[in-house]
Each structure stands twice: as C-alpha cells, then as structure tokens.
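Here is a quick briefing for anyone meeting this structure for the first time. Take a look at the model, then read on.

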Amino acid sequence: MISLKVSGMTCGGCINAVTRAIQAQDPQAQVFADLAAQTVELETSLSSEIAGQLITDAGFPVSS
C-alpha cells in the first residue's frame, strides 16, 4: 500500500479526480482518500513516484 500526502482535496469531486487519474494507468487500483487528513492510500501496481506524478498532474500537489 502506498500512502501519499495530497494537498487541495476538498470534496468528493476531488477524490473522484484523483481516483480517475490513478485508474487511467492502473484500472484495478484501489484508492482510499481522507479529506480531513489530506492523505491518499493506494493499492496499485504503480510506483509511488508515478502515482504521485499522476495525482500532481490532476491538480493536487503531492508532498512527502
């Protein structure tokens, strides 16, 4: 499981955008987001670097 700190998520639409960004590259990925903690946990075959870049490209900056 990959855990990432993601900024800027405020609603379900944000979670959907993050989920779509990940699942476009790994359709089997499971995405679990916590708006309050601003974290995303992923079960995916993608590396954490690639997943982070996909989320950043979707408009939600990832920090370490």
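What follows is a short tour, from the overall fold down to single residues.

This is a predicted model, so a few ground rules apply: local features need pLDDT of at least 70, side-chain atom pairs count only at pLDDT 80 or more, and totals for chains, interfaces and linings use all residues. Residues are numbered from 1 along each chain as its sequence is written, and side-chain values use heavy atoms, with hydrogens and water left out.

**The overall picture**

- The chain has 2 helices and 4 strands; these are DSSP runs numbered from the N terminus, with helices being H or I of at least four residues and strands being E of at least two.
- The C-alpha trace spans about 25 × 25 × 20 Å along its principal axes.
- Of the 64 residues, 34% are buried (buried is under 20% relative accessible area, exposed is over 50%, and partly exposed is in between, with a 1.4 Å probe and protein chains only).

- The 4 strands form an open sheet in the order 2-3-1-4, with antiparallel pairing (two strands pair if DSSP finds at least two bridges between them).
- Strand 2 (30-34) and strand 4 sit at the edges, each pairing on one side only.
- Strand 1 and strand 3 share 4 antiparallel bridges, and Ser 3 stands opposite Glu 41 in strand 3.
- Strand 1 is also joined to strand 4 (residues 62-63) by 2 bridges, again antiparallel; here Val 6 has Val 62 as its bridge partner.
- In a regular strand, side chains alternate between the two faces of the sheet.
- Strand 1 has Ile 2, Leu 4 and Val 6 on its covered face, while Ser 3 and Lys 5 are on the uncovered one.

**Helices and core**

- Helix 2 lies across strand 1, strand 3 and strand 4, at about 30 degrees to strand 1 (axes are lines fitted to C-alpha atoms, for helices over the stretch in contact, and angles run from 0 to 180 degrees between N-to-C directions).
- The largest nonpolar core has 17 residues, and Ile 22, Leu 42 and Phe 60 have the most contacts inside it (such a core is a set of buried Ala, Val, Leu, Ile, Met, Phe, Trp, Tyr and Cys residues joined through side-chain atoms within 4.5 Å).
- Strand 1 (2-6), helix 1 (12-23), strand 3 (39-43) and helix 2 (48-57) each supply at least two residues of this core, and helix 1 gives the most, with 4 residues.
- Leaving aside residues up to four places away in sequence, Leu 42 touches Met 1, Ile 2, Leu 4, Ile 22, Gln 30, Val 31 and Ala 51 (a contact means heavy atoms within 4.5 Å).

**Residues to look up**

- Most residues other than glycine have a negative phi.
- Gln 38 is not a glycine, yet has a positive phi of about 55 degrees.
- You can find Gln 38 in the loop between strand 2 and strand 3, and at 18% relative accessibility this residue counts as buried.
- The whole structure has 0 disulfides (a disulfide is a pair of cysteine sulfur atoms within 2.5 Å).
- Cys 11 is in no disulfide, and the nearest cysteine sulfur, that of Cys 14, is 3.7 Å away.
- Cys 11 counts as partly exposed at 35% relative accessibility, whereas Cys 14 counts as buried at 10%.
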